[in-house]
Amino acid sequence: FFIGITWLLTLTVQGQSLCYDDDPARFIPEKLVDYTYIEAHISVLESEQRVDGKVLFQFIEIRSDVDSVVLLAPGFIIKAVSVDSNQVIWYLTDQHLVVKLPRKRNTKKMHILEINYTVNPKSDLYFIGWDDSSNTKRKQIWAHRPFGWLPFANDRLTMDLYFTFNQKYQVFSNGERKSVVTNN
């Protein structure tokens, strides 16, 4: 009886495994900075299935030897990047935006990383019904997660989202709606 239970437990423990889909965001690099807040200004152009954005990340360095930060940004076209209102050097890899931090900076203070970009999301933001020539499908845009349309840092933080979109439609999000402004 004891040998049978031991054999069963051995099979159970050895038989367990973890399986992940091919997800570019599953890699969690060493945490060098602590992102605390995002302010994102997002304009959605449904006819072009495009997002134009300006994102401000608030962060503080955890280590003093940090020379760059890396964000997930697949397919993004970067227009400008600054840290504490100073233009910085940056480059794109296949999936990531690498931002070189200024050499002279106060490593103990909170910093603001600003990124202006445009992207035609290939995943994680879905435009449904916009290309329906019969005009019978409900037009909607929904996000599965922010990886494909918002530069992504794998951290716990608070966020304020400001969406600009056609006033004929409603925008829904988690959280609390503070205001709606009609503009041109």
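Let's start in β11: there, Thr158 is the bridge partner of Tyr37. Strands here are DSSP E runs of at least two residues, numbered from the N terminus. Two strands pair if DSSP finds at least two bridges between them. β1 and β11 run parallel, joined by 7 bridges.

Some ground rules. This is a predicted model, with local features needing pLDDT of at least 70 and side-chain atom pairs counting only at pLDDT 80 or more, while totals for chains, interfaces and linings use all residues. Residues are numbered from 1 along each chain as its sequence is written, and side-chain values use heavy atoms, with hydrogens and water left out.

Back to β1. With β2 the direction is antiparallel, and 12 bridges join the two. Glu39 has Leu56 in β2 as its bridge partner. The hairpin of β1 and β2 has 4 residues between the strands, and Gln49 takes a positive phi near 50° there.

Next, the open sheet. It has 3 strands, in the order β3-β7-β6, with antiparallel pairing. β3 (68–72) and β6 (90–92) are at the edges with a single partner strand each, so one side of each has no neighbour in the sheet. Neighbouring strands are turned by 15° against each other on average, direction ignored; the axes are lines fitted to C-alpha atoms, and angles run from 0 to 180 degrees between N-to-C directions. How many bridges join β3 to β7? There are 5, and β7 covers residues 96–100. Leu71 stands opposite Leu97 in β7.

Now the core. A nonpolar core is a set of buried Ala, Val, Leu, Ile, Met, Phe, Trp, Tyr and Cys residues joined through side-chain atoms within 4.5 Å. Buried means under 20% relative accessible area, exposed over 50%, partly exposed in between, with a 1.4 Å probe and protein chains only. The largest core has 32 residues, and Phe57, Leu113, Ile115 and Tyr117 touch the most other members. Strands that each supply at least two residues include β4 (77–83), β8 (111–119) and β9 (125–128). Which strand gives the largest share? That is β1, with 6 residues.

On to the aromatics. The structure holds 9 aromatic pairs. Rings of Phe, Tyr and Trp (its six-membered ring) pair if their centres lie within 6.5 Å; planes under 30 degrees apart are stacked, over 60 edge-to-face, the rest tilted. Tyr35 and Phe59 are a tilted pair, because their ring centres are 5.9 Å apart and their planes at 55°. Tyr35 lies in β1 and Phe59 in β2, so the pair ties together parts 24 residues apart in sequence. Both residues are buried. Trp130 and Phe165 pair edge-to-face, at 6.2 Å centre to centre and 85° between the planes. Trp130 sits in the loop between β9 and β10 (140–143), and Phe165 in the segment after β11 (158–164), 35 residues apart. Trp130 counts as buried at 17% relative accessibility; Phe165, at 23%, is partly exposed. One aromatic cluster is formed by Tyr35, Phe57 and Phe59.

Last, the largest pocket. Its volume is about 1,800 Å³, meaning the space filled by probe spheres set on grid points joined across faces, edges and corners. A pocket is an open set of points on a 1 Å grid over the protein atoms alone, where a 1.4 Å probe fits, with protein on both sides within 12 Å along at least five of seven lines; lining residues have an atom within 4 Å of a point. Of the 40 lining residues, Phe163, Val171, Phe172, Ser173 and Arg177 are the closest to its centre. β1, β10 and β11 each supply at least two lining residues. β11 gives the most, with 6.
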